[in-house]
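Biologist: I am new to this structure, so please take me through a few of its residues with care.

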Amino acid sequence: MRTPVKIVLGAVGLPVGLMLATGLAGKFLFSGSGVKALTETLQSQLGAPVSAGGGSFDLAEWFRFRPSVALQKVSIGNPPGFSNQPLLTAQEVSAQVGLFSLFSSRPEVKSFTLRAPNLRVEQDRKGRSNLEVLMSSFGGSGASKGGSGSGGGVSVDSLTIRGGTVHYAALTLNDVNISLADFANDKSCKMSVAARLFGGQASKVEFNGRAGPSKPESLPANGRLVVQLAPAEMPAALREEFFGDMLRAPDASSRADFDTTLQGDLLGTLRGKGKFAVKDFHLGRDKSNRLPLRGEAPLDLTARRLLTAPSFELRITDANLQLGDGRWTGKADVRYDGTRVQGESTGAIRGVEVGQMLAAFTEAKGKASGIAQIPEYDLKFAGRNAAEIRNSLSGQGVVTLDKGKFAVFDLLGSIERHVSKMLSGETPAAGETDFTKFRTGFQVAGGKFQLSNLALENAKSKTTGQGYLTFEQEMSLDLETQVTGQLATLLGGKPDSAGQIQAMVPVKVRGTVPSPKVYPDLGRMVRGRATEAATGLLDRLLQPKKTNEPKK
């Protein structure tokens, strides 16, 4: 072989041989003991157990100057202080790197992909999340390697997460897909996140915007967040635990949407404004007893520590939503810290049929009718589930009803039966009490509605009083009913300024809403009249007698 040919073959063969040798070395590095050594290095950097079921090195991509490596069945355990379950598992973790960038101070990763990762976020007793502790450990180990100002760091053309699952306490995000384009530590990148909730199709979370530049303790972000909830896709047990009787029978088309533009820090606080909308939404215990809720309202959203230990605050302001055949106007502020809900609401409810409202949330179906007006209310609540939230309810307000009836007891009928029998014992409450106007103030606390300044009026009587109702439908009312006509005459009533006979009858109502008892206190009336009579006789006896002495 001639010398020039040997030189050419040598010039070609040498780099090819070197590429082949280094490629084979790469394959060795990502198999067997090489994978073990790599996971041990990662484990020392993360401060948490790391394992992999195997690795691979794509020799063909190596000859295209795009080294491609992958680890299969990767598992990253929890840091100390958390459960023994792995923090992250992934079917495969792969990366493709620009060959010549490996010799620069800024390695260029063409693509980085996680396939089918499963992330389980936990909190310790101090309120820190396992992901937060792991990220701080990893960030701390790399903090001394130079920041954006030194020209160090890593450039990633695209980072992709496909088919992931994220567990946040009682909430699970399925089919998580994340895409980052033009990612680098010292600049912002395009960010797209999409995930489904409850394993359904209509419930989903989407974020599109920008994130970065990245630092160990900070990841700025801004973009549009859209959350769509379909109550029918929520597990029934989850609906009952957190919403009680409010969402027992949602339609498949029912939706609650949150659409906001957020700005802030994914590791700190994000804030934004947008709108809250409900469509084909129904509140209630079952399909035959529900209360429609529809419309849109302005929304302020605050999200904290979104990537590590998320908490949220939702503030609905200037709401004017359809509620049944009426309207709800007001505002609501709800905060969730990861374990507990806390909030308050003020406003007014007008034009709602009270029977529809009671049937939706209680077993008192058909017990009352009339158009309800709550011109003012102020309520607060807190708890870890629906039962705690209900029992914590506190506040006050005013309720008025027009042109309806209480099918709980027959107030006048009970008085008439007592009068006719001259009894003061217990009498079953039957029938119903019509009214043209009803009004009462209320205070709620400790599972009890305390009623004050109660006033009920119809064509035959006026009733005033006070009392209470409990969440378990117990009732205790102390009333005074003003009666007229023959009944008032039988009770020894007196004429008013217009000459109409009137009498005030003390009445006690005890028992439960399904089975109340009415006790007209006629004995008290008799004692009162006897006292009046005795007082009148004493006055007459004490008056000086007039004498008819002749004039002088």
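Modeller: Before we start, note that this is a predicted model, in which local features need pLDDT of at least 70 and side-chain atom pairs count only at pLDDT 80 or more, while totals for chains, interfaces and linings use all residues. Residues are numbered from 1 along each chain as its sequence is written, and side-chain values use heavy atoms, with hydrogens and water left out.

Biologist: In which strand is Thr-160 found?

Modeller: Strands are DSSP runs of E with at least two residues, and helices are runs of H or I with at least four, numbered from the N terminus. The run that covers residues 155-168 holds Thr-160, and it is strand 7.

Biologist: Does Thr-160 count as buried or exposed?

Modeller: Buried means under 20% relative accessible area, exposed means over 50%, and partly exposed lies in between, with a 1.4 Å probe and protein chains only. Because its relative accessibility is 16%, Thr-160 counts as buried.

Biologist: With which residues is Thr-160 in contact, leaving aside its neighbours within four places in sequence?

Modeller: Contact means heavy atoms within 4.5 Å. Leaving those neighbours aside, the residues in contact with Thr-160 are Phe-112, Thr-113, Leu-114 and Ile-178.

Biologist: How far apart in space are Phe-276 and Pro-298, C-alpha to C-alpha?

Modeller: Phe-276 has its place in strand 13, residues 269-286, and counts as buried at 10% relative accessibility. Phe-276 and Pro-298 are 22 residues apart in sequence, yet from C-alpha to C-alpha their separation in space is 6.1 Å.
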